[in-house]
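Colleague: I am new to this model and would like a close look at one part of it. Please start from the sheet and then set it in its surroundings.

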Amino acid sequence: MSIIAVRDLSKQYRETLAVDRISFAVGAGQTVGLLGGNGAGKTTTIAMLLGLLIPTAGTIHVLGHDMATDRFAALARMNFSSPYVALPHRLTVAENLRVYAHLYDVPAPERRIAELAGELDLAALLDRQAGTLSAGQKTRVALAKSLINRPDVLLLDEPTASLDPDTGDLVRGWIERYRAESGCAILLASHNMAEVERLCGHVLVMKQGRVVDEGSPASLLDRYGRADLEEVFLDIARDRRRAEAAA
Amino acid sequence: MRGGRRDGRTAAMRRIWGMMYRHIALYRRSWPRLLELTYWPILQLCVWGFTASFIASRANGGAVLAAGSLLIGGVLLWEVALRSQMGVAVSFLEEIWSRNLGHVFVSPLRPWELIAALLGMSLLRMLTGVLPAIGLAWLLYAFNLFAIGPVVVLLFANLIIMGWWVALGVVSLILRHGAGAEALAWSVLFGFTPFSAVYYPVSVLPAAMRPVALALPSSHVFEGMRAAMLHGEIAWTQLGWAAGLNAAWTVAAALLFARQFRGARQRGALLNIGE
């Protein structure tokens, strides 16, 4: 059974069709990547999955709940991380995590915060204000927030954007470990092709609001005859194959 | 469901507390924010209290003394409405300023729970701001607001509720217009002051302004305050009007909020509302 089931999903803003009849599914323990350039519709898709945005057409079911009519039942078992949505800067890391532990009704919140601090190497940061942290530290805290309720569904919007290679690698490692331990379904939007190749078993390539191709990273590489996903991405983004054929 | 999560009322109360805790933690660490809560009520009290003292010292007679008391009572009670309104609107703005709304709205927090948390914070902020001013009025001017009796609770309650529905209207406008509507959080209720008959009876107003005044709960509350302070009476009719108007305006503000919240979800404004 699919944990996330999206069917014919569209979002229209006045004259702009941001997402155009996309359908996909994510199963338990699966990580699906959303790949696409700026404005391809990735963030809009994630916002609709989270209930932040009402679709113009189509349906979204998460954990069996229809997000149009029963989103709060699903949201309690979902979580989200994005470098573009901040945590209150004046609160300490511990206070921020405590707030979200309450919002997600996490049992024994202090124990959960201590667990996450251990797993994500945050113990030394718990009493520091979130606004004083480096980009890498903020990302780890955001990841801790997104794991506070041990979600069954995790939506990650560019989770390693602006991170140095070392921290980015650590974050990817934590995501892999959490998925393996929990069987969580993960939808990952990223511009980092190496990250998508490493984490995702299935990739949806979006362009101008549509899913223009999909498959496992290996099958996409085969199909496009490329050595890495970045080349595949450029083929699709720039219509290179069509251009090459015409030449 | 993993982790033994609970459903129902307990979980709702916890979510409301979570949002209140977020603001309490902020105030605990920020003395300028705490100072701001008490600064304006005390400033207003001092300006109008000394004005009333000056007038009372220049003219003898019970009527002048009573007018001075009405002035101080009006200042203190109007601060209840002002602080209640700002308490909701500024707490909501704190979420926008910290770019945290996206996280809040993807949590299981229901919109009504967010509002309940904002109202709870508004109550705490109002009490923190107004109680010291009430104490200072007693120390500086020997004015005891509570001397008018238990009716003061009804006056307080009506003004708090009025502050809340006005704030809900402001929050709705922020959801619709983003930061462009931010200034209303501080200014909107000041515009109601002339119509609220805080320092004078509604009968003083020109005929054209009276219907507007009578449509506001505050004008009935202040008529009730004057009845209590001048005649020791509880003006049940005025209080009934205030309560009825508050109920009607609250329903209207709640409908407006629901409409604008849905509109924000349609436009995608919940992620970038600060822009």
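Predicted model: local features only at pLDDT ≥ 70, side-chain atom pairs only at ≥ 80, totals over all residues.

Which residue of β2(A) does A:Gln12 stand opposite?

Modeller: A:Gln12 stands opposite A:Leu17 of β2(A). Residues are numbered from 1 along each chain as its sequence is written, chains are lettered from A and ligands numbered from 1 in the order in which they are written, and side-chain values use heavy atoms, with hydrogens and water left out.

Helices (H or I, at least four residues) and strands (E, at least two) are DSSP runs, numbered from the N terminus. Two strands pair if DSSP finds at least two bridges between them. In these terms the pair in your question belongs to an open sheet of four strands in chain A, with the order β2-β1-β4-β5 and antiparallel pairing. Its edge strands are β2 (16-27) and β5, each of which pairs on one side only.

Going across the sheet, β1(A) and β2(A) are joined by eight bridges in the antiparallel sense. Strand β1 (residues 2-13) of chain A also pairs with strand β4 (residues 57-62) of chain A, antiparallel again, over five bridges. There, A:Ser10 has A:Ala57 of β4(A) as its bridge partner. β4(A) in turn pairs with strand β5 (residues 65-66) of chain A over two antiparallel bridges, and A:Val62 has A:His65 as its bridge partner in β5(A).

β4(A) and β5(A) form a hairpin with two residues between them. A:Leu63 is in the loop between these two strands. Its phi is near 55°, a positive value in a residue other than glycine. Most residues other than glycine have a negative phi. A:Leu63 has a relative accessibility of 13%, so it counts as buried (under 20% relative accessible area; exposed is over 50%, partly exposed in between; 1.4 Å probe, protein chains only). In chain B, B:Ala197 also has a positive phi, about 50°, although it is not a glycine. B:Ala197 lies in the loop between α7 (184-187) and α8 (210-214) of chain B and counts as buried because its relative accessibility is 0%.

The C-alpha trace of chain A spans about 60 × 40 × 35 Å along its principal axes. Of the 247 residues of chain A, 58% count as buried. With contact meaning heavy atoms within 4.5 Å, residues 24 or more positions apart account for 65% of the contacts in chain A with a separation of 6 or more.

A helix of chain A shows this burial in detail. Eleven of the 13 residues of α5(A) are buried, among them A:Gly136, A:Arg140 and A:Lys145. What covers the buried residues includes β6 (78-81) and α3 (93-103) of chain A, together with α4 (101-105) of chain B. The 13 residues of helix α5 (residues 135-147) of chain A should span 18 Å at 1.5 Å a residue, and its end C-alpha atoms are 18 Å apart, which agrees. The expected span is 1.5 Å times one less than the number of residues. The charged end of A:Lys145 sits over the ring of A:Tyr100, 5.3 Å from its centre; the rule asks for NZ of Lys or CZ of Arg within 6 Å of the ring centre and within 35 degrees of the ring normal.

Ring pairs can be followed into chain B. Rings of Phe, Tyr and Trp (its six-membered ring) pair if their centres lie within 6.5 Å; planes under 30 degrees apart count as stacked, over 60 as edge-to-face and the rest as tilted. The count comes to nine aromatic pairs over all chains. B:Trp78 and B:Phe222 have ring centres 6.0 Å apart and planes at 65°, so this pair is edge-to-face. The pair links distant parts of the chain, 144 residues apart.
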